[in-house]
Amino acid sequence: MNILMISSECVPYVKVGGLADVVGTLPKYLKKQGHDVRIIIPKYRSIDGVKYNLETLPYRLKVRVGKEQESFRIKTCLLDDNIPVYFIENMRYFNRLGIYGDDSGIGYGDNRERYIFFSKASIEAVKAIMFRPDIIHCHDWHTGIIPAYLKTTHSNDGFFWKTSSVYTIHNIAYQGSFDAETTLPLAGFSWEDYKSDKLEFYNTFNFMKAGLAYADIISTVSPTYAKEIQTVSAGNGMEVVIKTRKEDVYGILNGIDYSYWNPRTDKNLKANYSLNNIENKSVCKKDLQEKCGFASDDNVFVVGCVSRFDNQKGFDFIMDVIRKTQHLNIQFIVLGSGDRAIRDGMLYLKSIYPKKISVLNDYNESLAHQIYAGSDAFLMPSRFEPCGLSQIISLAYGTVPIVNKTGGLADTIRDFSKSADGNGFVFDFYAGESLVDKVNVAYNTFNNKNLWSKVVANAFASNYSWDNSVLEYENMYNTALNRRIAYTIYK
Ligand code: ADP
């Protein structure tokens, strides 16, 4: 199959969250299955053209955003020496310091224009490079309008006659919702398509709704989240739309790249380790404690957290736990960036308990690896979590996740206090359980070395590799192809 991924993020070039990990990793596994996979992303200023050896293709292309003609160029390089990645280069929209906004955490005022431009430019780019996709796989709100273009403005475009579209929700909280009156003409859709079963969404134009209404297949990143987003409590208003298409909704768990997230070979660590030489994990722990200015002591329960500062991630639970466990022999290490109020709250706690909490306000890949390795447990009490990669990464480092029972966390972590094969600790917020109680259970388990070594072994034994998920993606793509064929025949 010819598969084209269109996304706003992709590792190693640009990453804000888990979306980037998925788009940079899944293609490698699809390639191994024999598919021709290509990726299109924006050429943000932070992507270093020299480092990645970007080559400029000879096309000078234009697309219309409202009344403006926007020109762009295509740069390219190979991911892993065999997957072509195309970068849409336009100074006006992507040559700025941030990805979605500036340092304040507030999004750019023209994000709507930026991703209308990117979506249209991607469609023109794929034609220019003459890559005729069987599947166009779009990710998150930024590319939600592409399936809509394929079925409206491009429905008679012969280039795409055999192209099916797949739309994946990585996070339903970000939908790209704008007023219809100005957005419809900017994007170039016809008012005829502004209907409740098509582009209209409660009197607004919503990018995600466009993807959900027009894509041949819809997916999200865990089976539990696929069910949750069909309910009022987690659907963010989109539940009815998704339920209407429930036969077409897939929930496929993300994997991680075990060659990258590997404590045996990780160059960011003071010492490499596995279950067989777990004593080296203590070397990493000591190193981390020293870096954070803590007393280095293997008997202290070190609890790490690497996260966006965002309400989604349950920082209210985390702050509560930090306050209520000060009598325990425990140290918290939090690496995060984003929302200022959360950052200030965490820094305030650090100023009160400087020997117990370290707060690193940064986005730092190397430090993230050191926290995954050097902590005993990993805190991830998200209010909702489409899949979550951090808990899976923690498992790979033998670091025991403490999570809320939601979305992908519920699909990947089994509670050790309830079953001997548990690989973490799970509290059920909606059943009235408390994170503080769970951290206490984890703490008591940590102080029983026999029990702790069992849960650590279970963590190491957990495997969420792409090898399994890629087969489910192939199956989903095949269904999408059949849908398209049926649609073309009966149109
Ligand atoms: P989300 O996509 O909602 O942010 P995930 O758990 O799916 O959450 O993915 C988060 C990814 O981003 C992980 O790879 C995690 O290590 C990384 N990450 C998050 N915050 C930071 C940070 N401050 N520094 C380095 N890496 C981070």
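This is a predicted model: local features need pLDDT of at least 70, side-chain atom pairs count only at pLDDT 80 or more; totals for chains, interfaces and linings use all residues.

Visitor: Good to know about phi. What is the phi of Asp-80?

Guide: Asp-80 has a positive phi, about 55°, even though it is not a glycine. You'll find Asp-80 in the loop between β5 (68-79) and β6 (83-89).

Visitor: And what about Tyr-202, what's its phi?

Guide: Tyr-202 isn't glycine either, and its phi is positive, near 45°. Look for Tyr-202 in the loop between β10 (200-201) and β11 (204-206).

Visitor: Why does Tyr-202 count as exposed?

Guide: Tyr-202 counts as exposed because its relative accessibility is 59%, and the cut-off for exposed is over 50%. Asp-80 has 47%, so Asp-80 counts as partly exposed.

Visitor: Let's go inside. How many residues are in the largest nonpolar core?

Guide: The largest nonpolar core has 97 residues, and Tyr-13 and Tyr-477 have the most contacts inside it. Helix α3 (residues 111-128) gives the most to this core, with nine residues.

Visitor: What does Tyr-477 touch?

Guide: If you skip residues up to four places away in sequence, Tyr-477 touches Met-1, Ile-3, Met-5, Leu-26, Leu-30, Ile-135, His-137 and Val-166. Another core, of 70 residues, lies apart from the largest one, and its members include Phe-294, Val-302, Met-346 and Ala-368.

Visitor: Now helices. What angle do α9 and α12 pack at?

Guide: Helix α9 (residues 279-291) and helix α12 (residues 365-374) pack at about 125°, and their axes are 8 Å apart. That angle makes α9 oblique to α12. Their crossing is left-handed.

Visitor: Which residues in α9 and α12 meet?

Guide: From α9 you get Lys-281, Cys-284, Lys-285, Leu-288 and Lys-291. They meet Leu-367, Gln-370, Ile-371, Tyr-372, Ala-373 and Gly-374 of α12. By class, the residues of this contact between α9 and α12 are six nonpolar, two polar and three charged.

Visitor: Why is α12 described as largely enclosed?

Guide: Eight of the 10 residues of α12 are buried, so the rest of the structure largely encloses that helix. The buried ones in α12 are Leu-367, Ala-368, His-369, Gln-370, Ile-371, Tyr-372, Ala-373 and Gly-374.

Visitor: What covers the buried residues of α12?

Guide: The cover includes α9, along with β14 (301-309), β15 (330-338), β16 (357-361), β17 (377-380) and α13 (390-396).

Visitor: Last topic, loops. Is His-35 buried or exposed?

Guide: His-35 is buried, with a relative accessible area of 10%. It lies in the loop between α1 and β2 (36-42). His-35 and Met-1 are 34 residues apart in sequence, and their C-alpha atoms are 5.1 Å apart in space. Beyond the neighbours within four places in sequence, His-35 is in contact with Met-1, Ile-3, Leu-30 and Glu-474.

Visitor: And Gly-176, where does that one lie?

Guide: Gly-176 is in the loop between β8 (164-169) and β9 (177-179). With 10% relative accessibility, Gly-176 counts as buried. Gly-176 and Asn-206 are 30 residues apart in sequence and 5.6 Å apart in space, C-alpha to C-alpha. Setting aside neighbours within four places in sequence, Gly-176 is in contact with Trp-141, Phe-205, Asn-206 and Phe-207.

Technical notes: Residues are numbered from 1 along each chain as its sequence is written. Side-chain values use heavy atoms; hydrogens and water are left out. Helices (H or I, at least four residues) and strands (E, at least two) are DSSP runs, numbered from the N terminus. Buried means under 20% relative accessible area, exposed over 50%, partly exposed in between (1.4 Å probe, protein chains only). A nonpolar core is a set of buried Ala, Val, Leu, Ile, Met, Phe, Trp, Tyr and Cys residues joined through side-chain atoms within 4.5 Å. Contact means heavy atoms within 4.5 Å. Axes are lines fitted to C-alpha atoms, for helices over the stretch in contact, and angles run from 0 to 180 degrees between N-to-C directions. Angles under 35 degrees count as roughly parallel, over 145 as roughly antiparallel, 65 to 115 as roughly perpendicular and the rest as oblique. A crossing is left-handed if the near helix is turned anticlockwise from the far one by less than a right angle, and right-handed if clockwise. Ala, Val, Leu, Ile, Met, Phe, Trp, Tyr, Cys and Pro count as nonpolar, Asp, Glu, Lys and Arg as charged, and the others, Gly among them, as polar.
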